[in-house]
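Please consult the sequence and the model shown below while reading.

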Amino acid sequence: MGGVQGSSKFPGLSAYSSSKGAVITLTEMLSEEYKNTGPAFNVLALGAVQTEMLNQAFPGYKAPISSEEFAVYLLDFALTEEQEMIRESAENFLADVSSSAAVREAMQTEQGYDQEVWQRICEEMVWPAIHIPEAYGGMGLGYVELAVLLEKMGKYLLCSPYFSTVCLGVNALLMAGTEQQKSDYLPKIAEGQLTATLAYTGINGRWDEHAVQATYQKTTAGYLLNGQFRFVPDGHTARLLIVAAREEGSQGEQGVALFALSAEAQGVVRQWLPTMDQTRKQAEINLAAVSIDDSASVSYTHLRAHETSLHLV
């Protein structure tokens, strides 16, 4: 960029910047021309990698990544054969079940997805189990495989509780759940017997730690939850709710805890919240004196700068 603008940090910068722009443009053209037949094209900008050229351009500057480390990243950048197979099978399956007509039909329902298609996703494709550890009945794969699936789901606008259940619910359990909670919930999610979601945004329109407005109070019997959540993905249909609440009187990042409870728990009221994007249904959830037994197991894990606990009803 500096070379194009005319600055001269070191000899050859103009040629470097111009050639970089040419490579990017060429890559875009090739990617568009061969998008239906292959091969696939991509280009990576090295950025701040410790190379000889960087040393000349910015003497004394230490980049966070060495050239050797970036070389390892480049080597592993392409998908493996197994990941390509997952990608291809997702493409074929979604092209069949998530046509434009199917998406429009699902959008018109309050539930927001076809139950039969969801069962096929769980039983035939086994996608909810993709990154759940094998110890809990999952496939034990990783986030790359999960991202491969999400890419195809986005392409075909798949209407399903996958994002809420797997990306939100499963990850919350993996990060903050106790061994007992993981053993209780994750196998059921992997088998398609349980859907879940994560609720933390209140009614103030915030999306950071200040969005957590629901509160919990310690009682002699356990905990008491009160509060309101909005824009909860699939919150009106999920059977397991993982909700964020803060200790009464706390502010910001302090005092925030996660609670896992059944959607059928006494004091839980849910309703569909119509929004502009009907391919992903959202809901409003109200908690009115929801009681949590004190004998429930508790797990602590560091999320950002504070401790977050997950309590089980």
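## The surroundings of His131

His131 touches Leu141, Gly142, Tyr143, Leu146, Val166, Val170, Asn171 and Leu174, not counting residues up to four places away in sequence; contact here means heavy atoms within 4.5 Å. The model is predicted, local features need pLDDT of at least 70, side-chain atom pairs count only at pLDDT 80 or more, and totals for chains, interfaces and linings use all residues. Residues are numbered from 1 along each chain as its sequence is written, and side-chain values use heavy atoms, with hydrogens and water left out.

His131 lies in the loop between α7 and α8. Helices (H or I, at least four residues) and strands (E, at least two) are DSSP runs numbered from the N terminus. At 5% relative accessibility, His131 counts as buried; buried means under 20% relative accessible area, exposed over 50%, and partly exposed in between, with a 1.4 Å probe and protein chains only. The side chain of His131 makes a polar contact of 2.9 Å with the side chain of Asn171. A polar contact is a pair of N or O atoms within 3.5 Å; within protein, one must be able to donate a hydrogen and the other to accept it, and residues adjacent in sequence count only if both atoms are side-chain atoms.

## Ser98

Ser98 is found in the loop between α5 and α6 and is buried, with a relative accessible area of 6%. A polar atom of the Ser98 side chain lies 2.7 Å from the backbone oxygen of Tyr156. Not counting residues up to four places away in sequence, Ser98 touches Val103, Tyr156, Leu157 and Leu158.

## Nonpolar cores

A nonpolar core is a set of buried Ala, Val, Leu, Ile, Met, Phe, Trp, Tyr and Cys residues joined through side-chain atoms within 4.5 Å. The largest such core has 25 residues, of which Phe93, Leu94, Ile121, Trp127, Leu149, Met153 and Tyr162 touch the most other members. The elements giving two or more residues to this core are α5, α6 (100-107), α7, α8 and α9 (162-176). Apart from it lies another core, of 21 residues, among them Ala214, Tyr223, Val232 and Ala263.

Ile121 touches Phe93, Val126, Trp127, Pro128, Leu158 and Ser160, not counting residues up to four places away in sequence.

## Aromatic rings

The structure holds 7 aromatic pairs. Rings of Phe, Tyr and Trp (its six-membered ring) pair if their centres lie within 6.5 Å; planes under 30 degrees apart count as stacked, over 60 as edge-to-face and the rest as tilted. One of the pairs joins Phe93 and Trp127 edge-to-face, at 5.5 Å centre to centre and 85° between the planes. This pair links distant parts of the chain, 34 residues apart: Phe93 is in helix α5 (residues 81-97), and Trp127 is in the loop between α7 (115-125) and α8 (143-155). Phe93 is buried at 6% relative accessible area, and Trp127 is buried at 3%.

Ring pairs also link Tyr216, Tyr223 and Phe259 into a cluster. Phe259 is in strand β7 (residues 256-262) and is buried, with a relative accessible area of 0%.

## Confidence

The chain averages a pLDDT of 87, and 89% of the residues score at least 70; pLDDT is the predictor's confidence in each residue, from 0 to 100. Over residues 295-309 the pLDDT is below 50, and this stretch has 39 contacts in the model beyond near neighbours in sequence.
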